[in-house]
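Subject: Structure handover

Hi,

Here is the structure I promised to pass on. Please open it and keep it on screen while you read.

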Amino acid sequence: MTPVIRLCTRCGRPHDYETDRSSLCQSCRMADAENAAISGKQSEHNRVDETEHASILQTRFGLALKLAALLACFGLLAWNIVEFRSTLKPGRPLRWGSYNTDRETEKCVTNLWKALSAFQQGDRAVYVCPATGAPYQLINTAEGPVLECPNPHKHKLRRLRAGGKLVMPQAAK
């Protein structure tokens, strides 16, 4: 097989195309590589300065962005801690009816819960209304025994009772 000889497109010298597979001879390719290396070093040197300058800008911007994100996280954390603490406070005891009541009524509803639970378990302890100190009244109805506050008007209610078919205390205005 005979080698394919081509002429260099730059200098016109013949070169072996089978070995090189290029349109330039080896001398011209080496000259191009040297020129590229020299010009590449200069541009690389210039690029380092530009890169350092760009990285300083990115670092300052990145730092400001990170600081803003950190402050936002701390703000959300503080807000969530306040919300979480409010959920830890004891809420109002469950009941049917009005929740627009004072502290004494809340204590009375809590006592009704305790008295009803104790009565259902067979405990016959006497529970009293915290506003008046009077014992709760036990009324036997067709639905079952009902515990009732003796003075609901002191709580600004028409009726405050628990038991019977009522699952929880009822506060009626």
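Below is what I found, going from the whole chain down to single residues.

**The whole chain**

One caution to start: this is a predicted model. The chain has 3 helices and 7 strands. Walk along the sequence and the pattern reads β-β-α-α-β-α-β-β-β-β. How much of the chain counts as buried? The figure is 23% of its 173 residues. I also looked at contacts between residues at least 6 apart in sequence. Of these, 25% join residues at least 24 apart.

**The core**

Next, find the largest nonpolar core, which has 13 residues. Six of them touch the most other members: Cys108, Leu112, Cys129, Tyr136, Cys149 and Leu160. Two elements, α3 (103-120) and β6 (159-163), each supply at least two core residues. Which element gives the most? That is α3, with 5 residues.

Leave aside its neighbours within four places in sequence. Leu112 is then in contact with Tyr136, Leu147, Leu160, Arg161, Ala162 and Pro169. Two of these partners, Tyr136 and Leu160, are on the list of core residues that touch the most other members.

Asn111 also sits in helix α3. Its side chain reaches the backbone oxygen of Val128, at 3.0 Å. Not counting residues up to four places away in sequence, Asn111 touches Tyr127, Val128, Pro130 and Tyr136.

**The largest pocket**

What is the volume of the largest pocket? About 170 Å³. Its lining is made up of these residues:

- Ala115, Ala118 and Phe119
- Asp123, Arg124, Ala125, Val126 and Tyr127
- Pro135, Tyr136, Leu138 and Leu147

By type, the lining divides into 10 nonpolar residues, no polar ones and 2 charged ones. Helix α3 gives the most to this lining, with 3 residues.

**Glu148 and Arg159**

Now move to strand β5 (144-148). Glu148 is found in this strand. Is Glu148 buried or exposed? It counts as buried, because its relative accessibility is 15% and the cut-off is under 20%. Its side chain has a polar contact of 3.2 Å with the side chain of Arg161. Beyond four places in sequence, Glu148 touches Tyr136, Gln137, Ile139, Arg159, Leu160 and Arg161.

Arg159 is on that list. It lies in strand β6. Its relative accessible area is 27%, so Arg159 is partly exposed. Leaving aside neighbours within four places in sequence, Arg159 is in contact with Glu148, Pro152, Gln170, Ala171 and Ala172. Take the pair Arg159 and Gln170: 11 residues apart in sequence, and 7.5 Å apart in space from C-alpha to C-alpha.

Lys156 lies in the loop between β5 and β6. It has a positive phi of about 60 degrees although it is not a glycine. Why does that deserve a look? Most residues other than glycine have a negative phi. Lys156 is also exposed, with a relative accessible area of 69%.

Gly133 is in the loop between α3 and β4 (137-141). It counts as partly exposed, at 46% relative accessibility. Its C-alpha is 9.7 Å from that of Asn151, and the two are 18 residues apart in sequence.

Asp16 takes you to strand β2 (residues 14-16). Asp16 is partly exposed, with a relative accessible area of 27%. Its C-alpha and that of Arg6 are separated by 6.4 Å.

**Where to start**

Start with helix α3, which gives the most to the core and also to the lining of the largest pocket. Finish with Lys156 and its positive phi.

Best wishes

Definitions and conventions: Residues numbered from 1 in each chain as written. Predicted model: local features only at pLDDT ≥ 70, side-chain atom pairs only at ≥ 80, totals over all residues. Heavy atoms only, no water. Core = buried A, V, L, I, M, F, W, Y, C linked by side-chain atoms within 4.5 Å. Buried < 20%, exposed > 50% of the residue type's maximum accessible area, 1.4 Å probe, protein only. Contact = heavy atoms within 4.5 Å. 1 Å grid on protein atoms, 1.4 Å probe; cavity = no way out; pocket = protein on both sides within 12 Å on 5 of 7 lines; lining within 4 Å. Points joined across faces, edges and corners; volume = space filled by probe spheres on them. Nonpolar A, V, L, I, M, F, W, Y, C, P; charged D, E, K, R; others polar. Polar contact = N/O pair within 3.5 Å; in protein donor to acceptor, adjacent residues only side chain to side chain.
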